[in-house]
Amino acid sequence: MNQDFLWGGAVAAHQVEGAYREGGKGLNLADMMSAGSVNSPRIITRKIDAHCYYPNHEAIDFYHHYKEDIALFHEIGFKCFRTSISWARIFPKGDEKTPNEEGLIFYDNLFDELLKNGIQPIVTLSHFEMPFALCEKYGGWRNRKLITFFENFVRTCLERYHEKVKYWMTFNEINNQTNYNSDGAVFTNSGIIFEEGEDRERIVYQASHYELVASAKAVAIAHQIDPSLKIGCMIAMTPIYPYSCAPSDMLKSLGAAHKRFWYMDVQTRGVYPAYMKTFFKRKDFHLDITDEDLEIIKNGCVDYIGISYYMSFVLKGDSDVNLDYDESNDLCDNPYLSSTKWGWPIDPDGLRYALNRIEDLYHLPIFIVENGFGTVDLLENGTVHDQSRIDYLRMHIQSMKDAIEIDGVNVIGYTIWGCIDCVSFSTGEMKKRYGLIYVDKNNDGTGSLRRFKKDSFYWYKQVISSNGEDL
Ligand code: BGP
């Protein structure tokens with residue numbers, strides 16, 4: 001493994017910071033999502049309901065504990081730490097002209113503390129954190145005006161932090177919204193709340209286009225401010241296997257991959273792939289895509305590809321081969337894999353497969369910015385014996401190493417998702433933990449917020465100090 005390899009951990013502002021009304025911060029999307037569980041999804045409320053519990057409001061209070069947490073990351077030996085800048089801390093309503101200085105100071109302090117500890121900050125500009133006022137007033141990314149507001153936010157961050165942060169990403173898991181039947185997926189990615197009877201599919205593709213223009217603008221701004229900056233896309237990478245060797249299964253899985261990963265084509269090559277152009281035509285969408293947009297997209301190709309990797313899927317074909325498959329109906333279990341408690345198939349080989357596919361298609365550096373194991377942890381005598389997490393991480397890191405050392409894939413870093421326990425995005429629970437560090441905080445919001453080192457804390461420390469040799 002390369003000596004500069006970026007070992008580290010990852011979180012997102014809204015899942016750790018808390019302090020949702022401090023420092024002049026405005027409300028954001030995540031602040032409007034109540035707690036949920038695997039059987040009852042999180043509810044998106046349009047105003048804070050006094051009877052609901054909102055886990056992101058306090059989260060693990062990283063806003064006040066970051067120094068203590070960074071000291072722990074330093075002890076593990078992190079080379080980098082990925083977080084996001086909460087848009088509503090900088091522009092509380094999203095459409096102001098002048099940023100909130102108190103919010104900017106918070107991230108100055110955070111990045112300084114990381115650098116002081118020899119940890120490089122890696123920053124996502126948009127990780128499910130749009131100021132809620134932008135959804136209410138403009139309808140989120142269904143509105144072209146969002147491009148200007150995002151541009152203003154991006155320019156403010158890049159001008160302010162370009163000397164402290166070298167690696168940036170535009171939109172977290174931009175491709176998750178193609179699952180347009182899931183209100184949560186659409187709301188968090190694009191800030192859109194659907195009205196009854198709307199053409200959801202068209203709206204999501206229109207919003208995606210505006211996001212892609214905004215992403216390309218962010219890339220151009222970064223390069224203009226400081227050509228040494230690296231700015232990437234971020235894609236939820238889930239290989240989609242055909243159910244069998246039946247040609248119809250094969251074609252179906254290809255169609256599904258097109259539908260999920262076309263964003264990566266646009267962001268890396270600067271053009272819409274042919275199959276998307278025919279898809280829009282076939283669907284009679286008549287999207288608002290101007291020549292100027294296409295020019296911006298062409299001039300805003302990313303420097304690297306960030307991915308999250310948790311699982312793979314299996315898709316069963318039928319005679320109807322097209323891009324319009326329905327994830328909920330056509331996905332089926334993979335009999336060769338076991339799953340996490342939350343039903344996510346565990347597939348380390350899928351990571352090697354995914355890395356190879358990305359290398360084959362795009363020839364760009366790849367940064368694995370999320371991979372991790374969500375499970376229930378038991379705190380006993382001040383520690384957690386999380387062997388199943390260690391096993392999961394070991395298998396995935398081994399698979400990544402094989403991709404690098406045997407297949408020659410260019411992977412530049414690996415950050416464990418939720419390196420410190422944080423609010424689960426999909427369920428809103430604290431019970432679904434990913435951390436190497438346990439935080440005493442419960443589903444109902446109780447807990448001392450004290451931090452404890454798990455077994456995986458010591459294991460990862462040895463992985464980093466041996467540069468991946470000692471797994
Ligand atoms: C990704 C998100 C993260 C994170 C992770 C784990 O989709 O980018 O924000 O939460 O998944 O998911 P969850 O917390 O739902 O288990």
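Modeller: In this predicted model, helices H2 and H4 cross in a right-handed sense. H2 comprises residues 62-76 and H4 residues 101-116; their axes come within 10 Å and cross at roughly 20°. Because angles under 35 degrees count as roughly parallel, H2 is roughly parallel to H4. On the H2 side the contact involves Tyr66, Lys67 and Ile70, which meet Leu110, Glu113 and Leu114 of H4. Sorted by class, this contact between H2 and H4 holds four nonpolar residues and two charged ones, with no polar residue.

The axes of H13 (residues 348-362) and H14 (residues 387-405) come within 8 Å, with a crossing angle of roughly 30°. H13 is therefore roughly parallel to H14, and the crossing of these two helices is right-handed. H13 contributes Pro348, Asp349, Leu351, Arg352, Leu355 and Asn356 to the contact, while H14 contributes Met395, His396, Gln398, Ser399, Met400, Asp402 and Ala403. The classes represented between H13 and H14 are six nonpolar, four polar and three charged residues.

The unreviewed UniProt entry assigns the annotation "active site" to Glu370. Glu370 lies in strand E10, residues 366-370. With 26 other C-beta atoms within 10 Å, Glu370 is buried, since the cut-off for that term is 20 or more. Beyond its neighbours within four places in sequence, Glu370 is in contact with Ala10, Ser308, Tyr309, Thr415 and Trp417.

Conventions. Residues numbered from 1 in each chain as written. Predicted model: local features only at pLDDT ≥ 70, side-chain atom pairs only at ≥ 80, totals over all residues. Axes fitted to C-alpha atoms, helices over the stretch in contact; angles between N-to-C directions. Helix = DSSP H or I, 4+ residues; strand = E, 2+ residues; numbered from the N terminus. Parallel < 35°, antiparallel > 145°, perpendicular 65-115°, else oblique. Left-handed = near helix turned anticlockwise from the far one by under 90°. Contact = placed C-beta atoms within 7 Å. Nonpolar A, V, L, I, M, F, W, Y, C, P; charged D, E, K, R; others polar. UniProt positions renumbered as here; feature names shortened; annotations may be inferred. Buried ≥ 20, exposed ≤ 12 C-beta atoms within 10 Å, placed from the backbone.
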